[in-house]
Amino acid sequence: MFDPSTASWAERLQSTPGPLTLEWALLLALAALAGHLVQRFSGLPKIVGYAVFGTLIGLAGFAGAAWPLHGVGLYLLELGIAVVLFEAGARLSLRWFRHNPMVLVQSLVEALLTFAVAFVLLRALGLDVPVARALAVVSVAASPAVLMRVVSDLRASGPVTDRAIALATLNTLYALTAGTAMLRSIDRGDASLMASLASSAAVLGISLLVGGLLAALLIGAFKLLHPTSQDTAIVILALLGACTAVTTPLGGSAPLATLLAGIVLKQLHPRPWVWPRQLGTAAAMLNVLMFVLVSSMAAQADWGGVITWAALALIAARMSAKLASLLLTGPASGLSLRQSLWVGVALLPMSSVALLLTSQFVVASHGIGARVAAIALPVILITELLGAVLVGLALTRARETVKPWRGADSSGGDSPPGSLT
């Protein structure tokens, strides 16, 4: 029988959540230090340091979170995504699409072409239809998390920055809707187009209801609280956490619900509002945890020769589809070819949303999900590592960064919390 009065320190630690908590606390501190040093000495975005650190602990076999994700690991990943997508949705004004509907057309063309090219390639490589379809949906998702973190680090703003964030937010919306609906029929290869559309509409409807309720509660809270107060930050984070906990059991998608809540909030509360400084700090910690979790999970993939070549082929096909669609539709939507090129480059990263969908596919059907994960995980890791660098390069080449590429932040200081416009 365990007796606390006579047990050693190590024995008492094993009887509490202490070991895992201690591991993650140290890993978070080391990841933050790695990001700081990478930016200070190379000028690269901090996310490169987070991702490299996560990759190293993943390759070293750190098992702080089990694959596929579940329990606390899954909840923290979903919460981190929820915070990022809520902010991304709150930047997206639907009035923009009324003034320039070609932006919406550009987004749909980019998503459909990416899905089609990825699906055809994967079928040509001999993958079954359910596996190819799931991987094609995952390929549609860009990473608002990577993009917004690099934008914050480099203090970027301008038409390329705004367009890249808008397109990444929209194709994340498409991927979450289609991917979550696909979970219900992934084992049924005979699912009809109408059944798939009905499942997608159900996921979107439930997520919209929860997101609308979340937006209404936040608007009510904003009438009572000062926008920049600590209490406002606590209310926002608590409601996002509650939304994350209840949406999936209801049949919707928690990240999708918070994204839609941000969009609804922007339409009903159109004035720019300040992101509470306290929430910025909490969100930054969730971001670091999310990037470390993603890269450490993705690094544990099988890096055999055939899998690696298939992953590289999918990255090349996905990038080609996104660039081709943006160069084709860019001039009609108000972007020059040069700006369209840099927007396309900024859409390369895949990160937390892609990992979440991949993990859900594994849980829904281990046989199909394992084959999806075999290719998706290397793609996620490579595009997260390269993507952060390419996003920084794209924004710098587009001349939309306040900080130059190297040596601008000798102090390694943090960017101030931004405002949602």
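Trainee: Which residues does leucine 77 touch, leaving out those up to four places away in sequence?
Mentor: Keep in mind that this is a predicted model. Leu77 is listed with Leu135, Leu355, Phe361, Val372 and Ile375 as having the most contacts inside the largest nonpolar core. Leaving out residues up to four places away in sequence, leucine 77 touches Leu69, Met290, Leu293, Val294, Ser352, Leu355 and Leu356.

Trainee: Which helix gives the largest share of this core?
Mentor: The core in question is the largest nonpolar one, with 105 residues. Its largest share is 14 residues, and they come from residues 366-397, that is, helix α17.

Trainee: How many residues are in the second, separate core?
Mentor: Val83, Ile236, Ala257 and Ala261 are among its members.

Trainee: What percentage of the residues in the protein are buried?
Mentor: The fold has 17 helices and two strands. Of the contacts between residues at least 6 apart in sequence, 83% join residues at least 24 apart. As for burial, the protein has 421 residues, and the buried share is 54%.

Trainee: Which residues are the closest to the centre of the second largest pocket?
Mentor: That pocket holds about 680 Å³ of space. Its lining has 22 residues, and the closest to the centre are Phe115, Val137, Ala178, Leu197 and Ser200.

Trainee: Which elements give two or more residues to that lining?
Mentor: By class, the lining of the second largest pocket has 16 nonpolar, five polar and one charged residues. The elements that give two or more of them are α6 (102-124), α7 (129-140), α9 (159-182) and α10 (193-224).

Trainee: Is threonine 169 buried or exposed?
Mentor: Threonine 169 sits in helix α9. Not counting residues up to four places away in sequence, threonine 169 touches Ala88, Gly89, Leu92, Pro144 and Leu259. Its relative accessibility is 1%, and the cut-off for burial is under 20%, so threonine 169 is buried.

Trainee: How far apart in space are threonine 169 and serine 143?
Mentor: In sequence, the two are 26 residues apart. From C-alpha to C-alpha, threonine 169 and serine 143 are separated by 8.0 Å.

Trainee: Which residues does serine 93 touch, not counting those up to four places away in sequence?
Mentor: Serine 93 lies in the loop between α4 (71-91) and α5 (94-99). Despite that loop position, serine 93 counts as buried because its relative accessibility is 15%. Apart from residues up to four places away in sequence, serine 93 touches Lys266 and Gln267.

Trainee: What is phi of arginine 155 near?
Mentor: Arginine 155 is in the loop between α8 (144-154) and α9. At 35% relative accessibility, arginine 155 is partly exposed. Its phi is positive, in a residue other than glycine, with a value near 50°.

Trainee: Is arginine 399 buried or exposed?
Mentor: Arginine 399 is in the loop between α17 and β2 (419-420). Phi of arginine 399 is also positive, near 60°. Its relative accessible area is 74%, and the cut-off is over 50%, so arginine 399 is exposed.

Key. Residues are numbered from 1 along each chain as its sequence is written. This is a predicted model: local features need pLDDT of at least 70, side-chain atom pairs count only at pLDDT 80 or more; totals for chains, interfaces and linings use all residues. Side-chain values use heavy atoms; hydrogens and water are left out. Helices (H or I, at least four residues) and strands (E, at least two) are DSSP runs, numbered from the N terminus. Buried means under 20% relative accessible area, exposed over 50%, partly exposed in between (1.4 Å probe, protein chains only). Contact means heavy atoms within 4.5 Å. On a 1 Å grid over the protein atoms alone, a cavity is a set of points where a 1.4 Å probe fits but cannot get out, and a pocket is an open set with protein on both sides within 12 Å along at least five of seven lines; lining residues have an atom within 4 Å of a point. Grid points are joined across faces, edges and corners, and a volume is the space filled by probe spheres set on the points. Ala, Val, Leu, Ile, Met, Phe, Trp, Tyr, Cys and Pro count as nonpolar, Asp, Glu, Lys and Arg as charged, and the others, Gly among them, as polar. A nonpolar core is a set of buried Ala, Val, Leu, Ile, Met, Phe, Trp, Tyr and Cys residues joined through side-chain atoms within 4.5 Å.
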